[in-house]
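Let us read a protein model together, one feature at a time.

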Amino acid sequence: MDLRRTMLFMPGNNPGMLQNGGVFGADAIILDLEDAVAPKEKDAARLLVAQSLKTVDYGTSEKIVRINPLDTFARKDIEDIVPCKPDALLVPKVESPEDIQEVARLVAAAEKSGQAPVKLIALLETPCGIAEAYRIAKADKRVVALAFGAEDYTASLGAKRTKEGTEIFSARTIVVNSAAAAGIQSIDTPFTDVNDREGLIADTQLAKQLGFKGKLSINPRQIDEIHNVFNPTEQDINWAGRVIKAIRKAEAEGSGVASLDGKMVDAPIVARAERILFLARLLGLAEEVVL
Amino acid sequence: MNELKTAQAGTLESNDIMITLTPGAEGSGVVIELESIVLAQYGQAIRKTIANVANEQNVTDIYIKAVDRGALDCTIQARVLAALSRAGVILQKELI
């Protein structure tokens with residue numbers, strides 16, 4: 001399982017940002033060829049991102065490139081970027097399974113022999129994309145996550161975008177549920193007010209509560225706050241350890257169900273505990289983990 | 001190469017380099033005029049990088065003006081390639 005608590009956008013035509021992308025500690029960085037690049041600079045940005053992918057050390061951050069939509073520059077982006085071995089492409093404005101299948105076909109044609117398969121993350125940012133979320137998630141085996149883009153989505157709805165996010169609540173739950181049903185990750189929309197720390201924390205807590213596994217980020221200053229929310233707490237880790245101990249004890253006694261603090265511990269609870277402990281180990285938050 | 005036109009790529013922001021290309025007369029060679037904030041330390045290396053990209057793309061007669069603001073090698077290569085492409089050079093993919 002790949003960790004995608006934070007996915008940080010970097011403007012694709014800005015050498016200063018691109019060369020420093022690895023120092024912020026984001027789980028993934030997104031080298032952006034779409035909204036962050038003016039139409040007349042698409043060619044230069046494509047070459048800059050290609051050179052950066054081949055040269056710059058992005059440390060442990062997953063290297064993702066947001067390409068342009070299929071009806072603009074996607075074909076050229078895929079042709080030039082895929083051979084430079086990004087880990088994944090973020091595909092904007094996906095509205096149907098056919099969109100993803102077309103991108104997957106172009107990616108396969110552009111990959112060099114022996115290259116690790118380039119993954120796809122579908123960015124859903126229109127009412128059609130939300131309506132087709134599950135079929136998009138299942139459209140191709142390269143798809144590892146659904147991401148939600150609320151700004152374009154609310155513009156299409158004709159709804160006012162608010163910090164509370166009431167207008168995007170149902171779309172968020174659809175994205176989370178569709179991704180979970182397809183067995184892939186869901187990534188929440190960015191919080192766009194970079195000066196509102198409390199708002200970012202509240203918005204990220206809501207995303208986590210709904211089931212999102214990470215959040216798009218538009219500024220390096222947002223990374224620590226988002227990580228703090230998505231990281232398991234000490235209380236979570238202790239609880240998860242006790243769950244595993246309880247179920248192990250029950251199994252040793254010949255039972256598949258245990259009891260902890262008067263509550264039944266069964267398979268879904270164990271799965272949740274295992275995920276918490278997996279994350280804790282991955283993040284170095286727990287020195288001793290039962291498992 | 002006679003069909004090339006004047007072209008530009010890059011910006012004057014820090015970490016970037018602005019490349020302006022003008023087609024040269026036949027036999028004039030690759031002429032590079034460089035202005036850089038790190039000219040004393042890296043002038044030779046920047047010239048070499050620019051010349052290598054032009055040579056690799058088989059461009060032989062061209063005047064290149066480069067205004068550098070501390071660009072890394074990968075940025076210099078990308079900006080020269082972008083300028084060459086805009087000037088009308090069909091880039092050789094395997095060298096991008």
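This is a predicted model: local features need pLDDT of at least 70, side-chain atom pairs count only at pLDDT 80 or more; totals for chains, interfaces and linings use all residues.

Q: How does the radius of gyration of chain A agree with that of a compact globule?
A: The radius is taken over C-alpha atoms, and the globule rule is 2.2 Å times the number of residues to the power 0.38. For the 291 residues of chain A a compact globule would have a value near 19 Å, and the chain has 20 Å, which agrees. Its C-alpha trace spans about 65 × 45 × 35 Å along the principal axes.

Q: What share of the residues of chain A count as buried?
A: Buried means under 20% relative accessible area, exposed over 50% and partly exposed in between (1.4 Å probe, protein chains only). In chain A, 53% of the 291 residues count as buried.

Q: How far does helix H1 of chain B reach?
A: A helix here is a DSSP run (H or I, at least four residues), a strand likewise (E, at least two), numbered from the N terminus, and the expected span of a helix is 1.5 Å times one less than its number of residues. H1(B), residues 39-56, reaches 24 Å from its first C-alpha to its last, close to the 26 Å expected.

Q: Which elements of chain B do the buried residues of H1(B) pack against?
A: Contact means heavy atoms within 4.5 Å. The buried residues of H1(B), among them B:Gly43 and B:Ile46, pack against strands E2 (17-23), E3 (30-36) and E4 (62-68) and helix H2 (73-87) of chain B.

Terms used
Residues are numbered from 1 along each chain as its sequence is written. Chains are lettered from A and ligands numbered from 1 in the order in which they are written. Side-chain values use heavy atoms; hydrogens and water are left out.
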